[in-house]
Protein chains: 2
Amino acid sequence: LLGSGSPERLIPARVIERKRNGAVLEAQEMRSFFLRYLEGDVQEQQMAAFLMAVYFQGLAPEELDALVDVMLESGERLDLSGLPRPAVDKHSTGGVGDKVSLALAPLAGELGLSVPMIAGRGLGHTGGTLDKLSAIPGFRTDLEVPDFVRIVNRVGCGIIGQTAKIAPLDRRLYALRDVTGTVSSIPLIAASIMSKKLAEDLVGLVLDVKVGEGAFIADEPGATELARTLVGIGERRGVRTKALMTAMDRPLGRTVGNALEVSEALECLRGGGPPDLRELVLRLAAEMLLVGGVETNVKGALESAVRALDSGRALDRFRRLVEAQGGDPAVVDDPGLLPRAPRTAELRSQGAGVVRECTPTRLGYGLTELGGGRSRLGDSIDVSVGFVLHVEVGQPVARGESLGTVHAANDAGLAVGLEVLGRAISVGGADEPPPRLRPLITELTEPYV
Amino acid sequence: LLGSGSPERLIPARVIERKRNGAVLEAQEMRSFFLRYLEGDVQEQQMAAFLMAVYFQGLAPEELDALVDVMLESGERLDLSGLPRPAVDKHSTGGVGDKVSLALAPLAGELGLSVPMIAGRGLGHTGGTLDKLSAIPGFRTDLEVPDFVRIVNRVGCGIIGQTAKIAPLDRRLYALRDVTGTVSSIPLIAASIMSKKLAEDLVGLVLDVKVGEGAFIADEPGATELARTLVGIGERRGVRTKALMTAMDRPLGRTVGNALEVSEALECLRGGGPPDLRELVLRLAAEMLLVGGVETNVKGALESAVRALDSGRALDRFRRLVEAQGGDPAVVDDPGLLPRAPRTAELRSQGAGVVRECTPTRLGYGLTELGGGRSRLGDSIDVSVGFVLHVEVGQPVARGESLGTVHAANDAGLAVGLEVLGRAISVGGADEPPPRLRPLITELTEPYV
């Protein structure tokens, strides 16, 4: 009677009250509640109240699993059982300057894994892999699932956008959360992420959980809880899941902007590029090999990854990926073919000192101001604009030294971009205590599950 | 931008997030949010999430006042400025066997007050004054406001139902809360009650806040918080408001059921009836005289009330009220004319002992099972059925002694009623420690406002 598991007798208001009061709902009760929502029998306003109650009371593992189950069942799932190599993916919780997937997918594909990556678009201050790929002329991410699976099989990796058919319940819930102030609930974020990743029919999954100013969940305890929640969902379903916590208190690499980031990812695939990007790509590749069972220790896995990157084999793999998905492979060897903004200008340091800060959210929202990011779903973007950083936090700079370059569509954009860059990068006196940065990569210290 | 007060710029999701995070919203922000809800601009699902956030975070006095303001402005208000005597009302938070208003309205009317009582119907386990009055043949509570005001002016009191025109925002919010598990939020309950009472254009208001098993908010801290919140809203608007906490760990009086309760109220108006009912009616009348400024000390006020009751003047006033509202005044002198259930049966004690418990909610829901209460708005009811209690908690009983009588429509009803009565009244051994009962009336010990 009081929200019991049987669908006939479930009274939505009682289920909401029970959650509100901190009860752990039975799996069958959660299931019925969400199935009836899909059927239109539980109203939008009831789900909104339920989600707000979840914001305050959380979800126990069994509740979370029931939710992820219904999300998965609500839609289409990949069938990768025909692939000879273990399917492994990486998911990042989103940051600024994070072009890791572009280099990582072909690298992991080269190393004996199948990488069926379903990626997202940027929103707010964070970028998205699909937007970066759209800087490559001709590259298509709207493939049909069978074509996608064929590409993954042939090339070792593929990258598409989420289709309307994958986890439609997640899409409905996300739209509802967006207007009802319930986006930042850790279990709801975790269920949303995992419902999409688990639809990929994976053997293993590596999570890059960002921490710091530019992360979706900035604080360490929150990010850690998210990481543990994600790993728990994956492991309980038999998907080997590993999370790394990585620094987002500054941007990753030296570029922010879609075409600029593709160019930087290509440098990385040629064995160069900024050290932080290279280190993260190599480590994530190694973890993917471990969860995929291709390697058994991190040292050996890292060595394999280094060889594949430095030999140019990962770059070859990327060229094949671009070609397979309709893109112009000439871009891979000549990044000058990528869209370029017509105007550039440099920001110079007004004094001598030490770079104290480079705030990701300012750069991320600044990219949107330049037209290179979107503030709502459906906005179109200019892939050519963005920022190139010439300094990093902790580095001494001379007066007049170039701190960074703005790439903009016109003079107005340049002015905006220079102001953004000036607010994002702060230079302090050399006598001030050195700025504190998070280590690039940290592991969760306690067992996850 | 982030839910600022200006209606043009208010973003509903940001307002919800701010409340969720424990912020105190500005009055103008609350106002805009609710006005835009009335206009259809804030969606039902957004309001549902907001109300759940309020459940967890509460409302500060200024937020509460802003909500009550919009509720009041959304509808019609009485204009009693033409009445020569101070308008004072009483509101009870709802209980089982509570027929106080039937005796209190004419008593207070007799004592120099105007009592423009807008009453409710019963729902769930609690009864409603309108249902009890419907047991009096011909009695109408669906009067037009001008007719109602004329009756209050002429008789000193009048009792009608809430019209669709009074606080329509409250009706919308209540309907939403009912399906979204947000009914039992103290500030939302308080705003709902006060929006209706403040529409009565009162000088003073006395609140009967029930505490104990059969109360809407059963626990003492919750009921105390509700009482303080109600008093705060009234006093900040310049309405003299006083709250008493009264016992609902057992039913009030000896009857539960609409016609049976009218009969008991008539006994009280004749100077008799159960002592607890008489004590509460007298005390509430005295408090009404104090907040109305007609008396200045509780002793004098109580003495006036006793005289009006014992002289039969309050009963005369009730007769005039019945007549004015279209009812059959003969009922007042011959309660035998009230609807009577065709079948009765007595429950007898199976052993000797002491009455340990008489649970209001069992009797209240039991009345609904007999057909005398409603589980949904709009259900029709049988006013004749109910329970008469022959014992009270703490009283010794002999084996075979009658504990109570069931009044039912048929044999099936009798069987149900006897089972309900048997579960509601428990008799324990005389050697067990005496049952603990709340005092009938307690005052709030700290200043209210």
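## The β6-β9-β11-β7 sheet of chain A

In this predicted model, chain A holds an open sheet of four strands. Their order is β6-β9-β11-β7, and the pairing is antiparallel. The edges are formed by β6, residues 255-256, and β7, residues 343-348, of chain A. Each of these edge strands pairs on one side only.

Strand β9 of chain A covers residues 386-389. Two bridges join β9(A) to β6(A), and the two strands run antiparallel. Four bridges link β9(A) with β11(A), again in the antiparallel sense. Phe387(A) takes part in both pairings: its bridge partner is Val256(A) on one hand and Val406(A) in β11(A) on the other.

## Faces and cover of the chain A sheet

## Asn410 of chain A

Where does Asn410(A) sit? Its place is the loop between β11 and α17 of chain A, the helix of residues 411-424. Asn410(A) has a relative accessibility of 39%, so it counts as partly exposed. For that class the value must lie between the 20% and 50% cut-offs.

The side chain of Asn410(A) reaches forward to the backbone nitrogen of Gly413(A), at 2.8 Å. Asn410(A) also has a spatial relation to Ala341(A), a residue 69 places away along the chain. Their C-alpha atoms are separated by 8.4 Å.

## The interface of chains A and B

Chain B and chain A bury about 1,700 Å² between them. Of this area, 65% lies on carbon and sulfur atoms. Three residues of chain B stand out: Arg20(B), Gln45(B) and Phe56(B). Together they supply 34% of the area that chain B buries against chain A, more than any other three residues. The contact takes 23 residues from chain B and 23 residues from chain A.

What kinds of polar link cross the interface? Eight residue pairs are in polar contact, both members at pLDDT 80 or more. The count of salt bridges between the two chains is zero. On chain B, three helices each supply at least two residues to the side that touches chain A: α1 (12-20), α3 (44-57) and α8 (168-180). Helix α3(B) gives the largest share of that side, 10 residues.

## The β1-β4-β5-β13 sheet of chain B

Chain B has an open sheet of four strands in the order β1-β4-β5-β13, with mixed pairing. Its edge strands are β1 (88-92) and β13 (441-443) of chain B, each pairing on one side only. From one strand to the next the twist averages 25°.

Strand β5 of chain B, residues 240-247, runs antiparallel to β13(B), and three bridges join the pair. Within this pairing, Thr246(B) stands opposite Ile441(B) of β13(B).

## Helices across the chain B sheet

Helix α10, residues 220-236, lies across β4 (204-211) and β5 of chain B. Its direction makes an angle of about 165° with β5(B).

Helix α12, residues 275-291, lies across β1, β4, β5 and β13 of chain B. Helix α12(B) runs at about 145° to β4(B).

## Ser384 of chain B

Is Ser384(B) buried or exposed? Ser384(B) is buried, because its relative accessible area is 6% and the cut-off for buried is under 20%. Ser384(B) belongs to the loop between α16 (360-370) and β9 (386-389) of chain B.

A polar contact of 2.7 Å joins the side chain of Ser384(B) to that of Asp382(B). Setting aside neighbours within four places in sequence, Ser384(B) is in contact with Ala259(B), Pro339(B), Arg340(B), Ala341(B) and His407(B).

Terms used: Residues numbered from 1 in each chain as written. Chains lettered and ligands numbered in written order. Predicted model: local features only at pLDDT ≥ 70, side-chain atom pairs only at ≥ 80, totals over all residues. Heavy atoms only, no water. Pairing = 2+ DSSP bridges. Buried < 20%, exposed > 50% of the residue type's maximum accessible area, 1.4 Å probe, protein only. Polar contact = N/O pair within 3.5 Å; in protein donor to acceptor, adjacent residues only side chain to side chain. Contact = heavy atoms within 4.5 Å. Buried area = accessible area lost by both parts, 1.4 Å probe. Salt bridge = Lys/Arg side-chain N within 4 Å of Asp/Glu carboxyl O. Axes fitted to C-alpha atoms, helices over the stretch in contact; angles between N-to-C directions.
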